[in-house]
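Subject: Structure for your review

Dear colleague,

Please find below the sequence and the structure that I am handing over to you. My notes on it follow directly after.

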Amino acid sequence: MSREKDTFYLTTPIYYPNDLPHIGHAYTTLAADVLARWRRLSGDNVFFLTGTDEHGQKIAQAAAERGVSPQQLVDDINPRWRDMLTLLRISNDDFIRTTEPRHTARVQQFMQRLYDQGDLYTATYAGPYCVRCEAYYTVEELVDGELCPIHRRPVERLEQENWFFRLSKYSDALLALYDQHPDFVRPQARLNEVRSFVAAGLEDISASRSAFDWGVPVPWESGHVFYVWFDALLNYITAVGYGEDSDEFGRRWPADVQLIGKDILRFHAVYWPAMLIAAGLEVPRQVFAHGFLLVGGEKMGKSNATGIAPEQLVAHFGLDCYRYYFLREISFGQDGTFSWESMTERYTADLANDLGNLANRVLNMVGSYCDARVPAPAGPAGEPEARLAEDHAAAVAGLQAFDRLDFMGGLADLWTFVSGVNRYVEARAPWAQRKAGQIDELHRTLYTCVDALRIIAVLISPVMPNAAEALWAKLGLAEDLWSQRLPQAAAAGQMPVGAITTRGDLLFPRLEDA
Ligand SMILES: [Zn+2]
């Protein structure tokens, strides 16, 4: 008997390691990280997987150009990907490389099953092929009849005798999946897109290659390796115990959310569930395809020159602004435009002014009026407190939008609370309360503000882990920020009286001129 599912399991695509990590890769990974941290804060047991896709003709060609073995090439460049995760403070629980034996052995086992049950057969196929995509296209799909629709570069004509997967046999099962589980593909527009693709009639797809040998060997025919996409997609199950540890697999599979860019939708929303259905496995609960990041109107490409390295932006804006900006500025699921100017604006308005100044001001007043000790709330709570409580409740409720990957909506509601605390400070005017000798009222005001900062530290922690930790430390809180769980952690009145606060450095200092 295998164990029952008890884990929120989410994945990013595995990345092609010969690319330099750019803000497009970081975007997917970052959204997954925020969701993982949010689910942990909400009390879930989370397993968050990312990794690299290390087989295929592109890697073999790149290695040959450099005069090294493909394994040497992927070993050499793998640290760049790990560095990106460290830079962005990504909290992944595992990192899979498709060249690891834990993966390759289980790919063979999975494919053997499809072979044994007659889902694979050999045939010769010829057609337009993009090496960069590692994919065949039909002539109709090509741009101007000769360019890859993704890369806008000339395709090759490739003729091979390959093993084919009987994809067409699973058309009805796929259509039933889309109809019965419309959340399987999000956003809605992407579901419509795959549904019409499948409804128009599926052709069987090639599952092996024989022109090169850098891949997982086909066990029943020497000289063939599995098509890199079959190999790559299977990482989502080989990493969680498929064919090896039925307890682990039972606890984690199916994945709750698989995050992808919309350019790889067909692989994840058509081929992948068909493979799983063929093998008698559950399909993921959701495949969420986000949009493209545009820079100056152009897609952040795998290979075009607009690639911006995340470290450039982190160096200037800091990690927290980097993480906040992409989720607050762009509706997740739609295309969005990155610009240096809009990032500067978000930094200044939302972070430095709304949040950073608020924390600085409140901590400054607690320091000078209360000897840096959080005062007991005295004096009556009135209209301003009631209004603030409404903003607080709306922020906590609004953040549940993260479960739908609506990061923009969740953050907008959270910032209504941040603005609400600023309005509260203005309405209560603690400097005037002090001047008038209204000490009970002053203590009520400052306690309410510090308590709100504590709640804000908890609620921003999935998005801005550094600022959350810094604010938490300024508040003199002894508990571990990362062991906080909702809803308790975001309830009002949890700030311990007598905690010793420190003002310290600004959370969001003025940006240096770029
Ligand atoms: Zn292409």
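Proline 487 is located in the segment after H18. The peptide bond that joins leucine 486 to proline 487 is cis, with omega about 0 degrees. Please bear in mind throughout that this is a predicted model.

A cis peptide bond also links tryptophan 253 and proline 254, and here omega is about 5 degrees. Proline 254 sits in the loop between helix H9 (246-252) and strand S11 (257-261).

The metal site

Which residues coordinate the zinc ion? The donors are Cys130 (SG), Cys133 (SG), Cys148 (SG) and His151 (ND1), at 2.1 to 2.3 Å. The angles subtended by the four donor atoms around the zinc ion run from 99 to 114 degrees, and the arrangement is therefore tetrahedral; the criterion applied is that all angles lie between 85 and 135 degrees. Along the sequence, the spacing of the donor residues is C-x2-C-x14-C-x2-H. Distant parts of the chain are linked by the pair of cysteine 133 and cysteine 148, which are 15 residues apart. Cysteine 133 belongs to the loop between strand S4 (120-130) and strand S5 (135-136), whereas cysteine 148 belongs to the loop between S5 and strand S6 (156-165).

The loop between S5 and S6 also holds aspartate 144. Although aspartate 144 is not a glycine, its phi is positive, at about 55 degrees.

Helix packing

Two packed helices are described by the angle between their axes and the distance between the axes. I give both values for each of the pairs below.

Helix H15 (residues 407-428) packs with helix H17 (residues 439-460) at an angle of about 165 degrees, and their axes are 11 Å apart. H15 is therefore roughly antiparallel to H17, the cut-off for that term being an angle over 145 degrees. The crossing in which H15 passes H17 is left-handed. On the H15 side the contact is made by Leu414, Trp415, Phe417, Val418, Val421, Tyr424, Val425 and Arg428. H17 contributes Glu441, Arg444, Thr445, Thr448, Cys449, Ala452, Ile455, Ile456, Leu459 and Ile460. By class, the residues of the contact of H15 with H17 comprise 13 nonpolar, two polar and three charged.

H17 also packs with helix H18 (residues 465-474), at an angle of about 155 degrees and with the axes 8 Å apart. H17 and H18 are therefore roughly antiparallel to each other, and H17 passes H18 in a left-handed crossing. The residues that make this contact are Leu453, Arg454, Ala457, Val458 and Ile460 of H17, together with Ala467, Ala468, Leu471 and Trp472 of H18. Eight of the residues in the contact of H17 with H18 are nonpolar, none is polar and one is charged.

How are helix H11 (residues 310-317) and helix H12 (residues 319-329) packed, and at what angle? The angle is about 115 degrees, with the axes 7 Å apart, so H11 is roughly perpendicular to H12. Pro310, Leu313, Val314 and Phe317 of H11 meet Leu319, Cys321, Tyr322 and Phe326 of H12 in this contact. The contact of H11 with H12 has eight nonpolar residues, no polar and no charged ones.

Proline 384

Proline 384 is placed in helix H14 (residues 383-398). Leaving aside residues up to four places away in sequence, proline 384 touches Tyr424 and Arg428. Tyr424 and Arg428 are also among the H15 residues in the contact with H17. Between the C-alpha atoms of proline 384 and alanine 432 the separation is 16 Å, and the two residues are 48 residues apart along the chain.

With kind regards

Methods: Residues numbered from 1 in each chain as written. Predicted model: local features only at pLDDT ≥ 70, side-chain atom pairs only at ≥ 80, totals over all residues. Heavy atoms only, no water. Axes fitted to C-alpha atoms, helices over the stretch in contact; angles between N-to-C directions. Helix = DSSP H or I, 4+ residues; strand = E, 2+ residues; numbered from the N terminus. Parallel < 35°, antiparallel > 145°, perpendicular 65-115°, else oblique. Left-handed = near helix turned anticlockwise from the far one by under 90°. Contact = heavy atoms within 4.5 Å. Nonpolar A, V, L, I, M, F, W, Y, C, P; charged D, E, K, R; others polar. Donors = N, O, S within 2.8 Å, 3.2 Å for Na, K, Ca; no water. Tetrahedral: all angles 85-135°; square planar, octahedral: opposite > 155°, others 65-115°.
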